[in-house]
Amino acid sequence: MAGVAEVQNRQARPVPLAQPRGPPPPARPRFEPVDREKTCPLLLRVFTKIGGHHPNEDFAVRGKEPKDEVQIYTWKDATLRELTDLVKEVVPAARKRDSKLSFAFVYPDKNGRFVVRPVGMTYSYGNGRRMDDVKTLAELSFQIGDYLSVAIL
């Protein structure tokens with residue numbers, strides 16, 4: 001009977017947590033900064049709109065894009081914070097203290113129809129601590145020739 005009492009007094013061992021099988025997930029790619037003194041900038045066509053993004057149909061006909069266009073020369077290592085500050089220089093509504101700027105890439109899909117894909121959001125007067133502030137165009141898979149839609153909310 002002594003053996004039975006000893007079994008009851010033992011505490012259960014903690015079960016080790018199951019480890020995920022397979023290779024570890026790929027690390028988020030970090031892109032090398034561009035040497036802006038030696039690298040030619042790209043032309044980024046930025047379309048701003050107050051209240052939301054332009055619908056896909058606004059980009060359907062080449063040459064008839066929305067009229068509220070801002071052209072920015074920049075590099076693929078430009079952050080959303082840098083782009084926010086540039087948009088604020090030309091769009092008064094983006095300068096309001098409580099404004100949020102939503103960024104989306106606009107590009108044609110396999111069938112030639114334009115897609116608006118949201119990629120991040122910043123505050124007009126952010127402190128650089130939000131995750132989206134430091135995202136670069138390259139990290140967000142920007143391709144030269146894509147448009148940038150900025151919704152001012």
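At 19% relative accessibility, K135 counts as buried, since buried means under 20% relative accessible area, exposed over 50% and partly exposed in between, for a 1.4 Å probe and protein chains only. The side chain of K135 meets that of D132 in a salt bridge with an N to O distance of 2.9 Å, where a salt bridge is a side-chain nitrogen of Lys or Arg within 4 Å of a carboxyl oxygen of Asp or Glu. D132 is likewise buried, at 13%.

The model is predicted, so that local features need pLDDT of at least 70 and side-chain atom pairs count only at pLDDT 80 or more, whereas totals for chains, interfaces and linings use all residues. Residues are numbered from 1 along each chain as its sequence is written, and side-chain values use heavy atoms, with hydrogens and water left out.

Salt bridges come to eight by this rule. One of them joins R81 to D133, with the closest N and O atoms 3.5 Å apart; this pair links distant parts of the chain, for R81 lies in helix α2 and D133 in the loop between β4 and β5, 52 residues apart. Helices (H or I, at least four residues) and strands (E, at least two) are DSSP runs, numbered from the N terminus. Both R81 and D133 are buried, and salt bridges that share partners join R81, D85, K88 and D133 into one network. E82 forms a salt bridge with R36, the closest N and O atoms being 3.1 Å apart. Here E82 is partly exposed, with a relative accessible area of 30%, and R36 is partly exposed at 30% as well.

Helix α2 covers residues 80-90, and its buried residues are L80, R81, L83, T84, V87 and K88. Seen down the axis of α2, these residues fall within an arc of 160 degrees, so they line one face of the helix; the arc is that of the directions from the helix axis to the C-beta atoms. Among the elements that cover them are β1, β3 (100-108), β4 and β5 (147-152), contact here meaning heavy atoms within 4.5 Å.

Strand β4 (residues 114-123) contains T122, which is buried with a relative accessible area of 0%. The side chain of T122 makes a polar contact with the side chain of T84 at 2.7 Å, a polar contact being a pair of N or O atoms within 3.5 Å, where within protein one must be able to donate a hydrogen and the other to accept it, and residues adjacent in sequence count only if both atoms are side-chain atoms. Not counting residues up to four places away in sequence, T122 touches residues including L80, R81, D132 and D133.
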